[in-house]
Amino acid sequence: MGADGLIPCQRHLFDIPRAIAYLNCAYMSPSLNAVAEAGQAGAARKRYPWTIRPADFAAGPAVARALFAELVGAEAADVAVVPSASYGISVAARNLPLGPGRRVLVLADQFPSNLYAWRARAAAEGGEVVAVDGPDLTAAVLGALDDRVAVAALPQCRWTDGALLDLVAIGTRARAVGAALVLDLTQSAGALPIDIGAVRPDFLVAATYKWLLGPYALGFLYVAPHRQGGEPLEHNWLNRAGSEDFARLVDYRDDFQPGARRFDMGQVANFATIDAGAAALRQILGWGVPRIQTTLRAMTDAIAAEAAGLGYAAAPGSLRAGHFLGLSHPDGLAPDLPNRLAAAGVHVSVRGARLRITPHLYNDAEDVARLLSALRGS
């Protein structure tokens, strides 16, 4: 830890060429070296299947779900292993009542994985999806959360610009009006602290390939205890009670594994992905999510201040997550701006009318200087 309380640059734990300024973690994180090695070792286990014991099918997922639970302040029994955010949202949509005239509340420009399932459910049941927007998203959500809302389906911060929501206040209001709270934390888990005990969501999902620094096709789904009697998307052998006894699998069971495990995806024991995900979670827990957020906020605040001198505007720091920076320009962004920045070795994204800059601990002052130099030249 640096003298200023910030985490020093961790570029040595990744394989990022010095000529690359990768400020695009919200698109996809690079793999930690340890994560890539864990994934490769996990995949290699299948070369020798005689060394894989029945107990191994549960051991890896148990480790990973416990690490994710620690990260978000939950119990391991309340965490299912899923392949994607859309899978977790579909579990929630299957198990939450809607009904004619009821609403699903979302953000304008919300990521599609936390939208399409609700549109389908609303169309099937005569409900409607209502999107809210405004300079203060928390105020907009609270203003729309009334007794017509059956589900508030939200992120912790918006994927286009990092606009921040106060989920504790929203959770309190949702419970007061009888609405379920379903969260997609793919753009915040691992970089922005959350306390499930304070927010009290009904369902919470996060894919690992962004801020959790994990592999593709892996995610975690928190299911509140009072929602754990629901119907899973899959009826696979591992989520049934007694599946540890391979010799008795033909003694078919109607009961499920306890807790959230009934919602586990099929082939949950994929050794390559589950071991890689666990390695990533261990590193994030070692750094500490609050310290990650503080370090990344210092970086995005510094970029915002310098970019202001170039004519770019950003949302006030109090209204955006510290690991996100969305820059807009009064003249608009040039259509070829991302390509020109990439040609200079600077990798960012354009989302809507904003240049989305999302650094992580592998970035340093040289990366920031390269970005600002490229913006001056644009």
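These are my notebook entries on a few things I looked up in this structure, which is a predicted model.

**Entry 1: the cores**

I began with the nonpolar cores. The largest one has 100 residues, and Phe68, Trp118 and Leu145 have the most contacts inside it. I then looked up which element gives this core its largest share: helix H8 (residues 271–287) supplies eight residues. Apart from this core lies another, of 21 residues, and I noted Ala304, Leu325, Leu333 and Ala374 among them.

**Entry 2: Trp118**

Which residues touch Trp118, once its neighbours within four places in sequence are left aside? I found Ile89, Ala92, Ala93 and Leu96, then Val104, Val129, Val151, Ala153 and Val182.

**Entry 3: strand S8**

Next I turned to strand S8, residues 219–223. Is it buried or exposed? Five of its five residues are buried, so S8 is largely enclosed by the rest of the structure. For "buried" I used the cut-off of under 20% relative accessible area.

I also checked where the side chains go. Gly219, Leu221 and Val223 point one way from S8, while Phe220 and Tyr222 point the other way.

Then I looked for the partners of S8. Strand S2 (residues 79–82) is joined to S8 by four bridges and runs antiparallel to it; here Val81 stands opposite Phe220. Strand S7 (residues 203–207) is joined to S8 by five bridges, again antiparallel, and in this pair Val205 stands opposite Leu221.

**Entry 4: a three-stranded sheet**

I followed an open sheet of three strands in the order S9-S12-S11, with antiparallel pairing. Which strands stand at the edges? They are S9 (325–327) and S11 (349–351); each has a single partner strand, so one side of each is left without a neighbour in the sheet. Neighbouring strands here are turned by 35° against each other on average, direction ignored.

Arg351 has Arg354 in S12 as its bridge partner.

**Entry 5: Asp364**

My last stop was Asp364, in the loop between S12 and helix H11 (365–377). Its relative accessible area is 18%. Since buried means under 20%, Asp364 counts as buried. Leaving aside neighbours within four places in sequence, I found Asp364 in contact with Cys9, Arg11 and Arg18.

Note on methods:
Residues numbered from 1 in each chain as written. Predicted model: local features only at pLDDT ≥ 70, side-chain atom pairs only at ≥ 80, totals over all residues. Heavy atoms only, no water. Core = buried A, V, L, I, M, F, W, Y, C linked by side-chain atoms within 4.5 Å. Buried < 20%, exposed > 50% of the residue type's maximum accessible area, 1.4 Å probe, protein only. Helix = DSSP H or I, 4+ residues; strand = E, 2+ residues; numbered from the N terminus. Contact = heavy atoms within 4.5 Å. Pairing = 2+ DSSP bridges. Axes fitted to C-alpha atoms, helices over the stretch in contact; angles between N-to-C directions.
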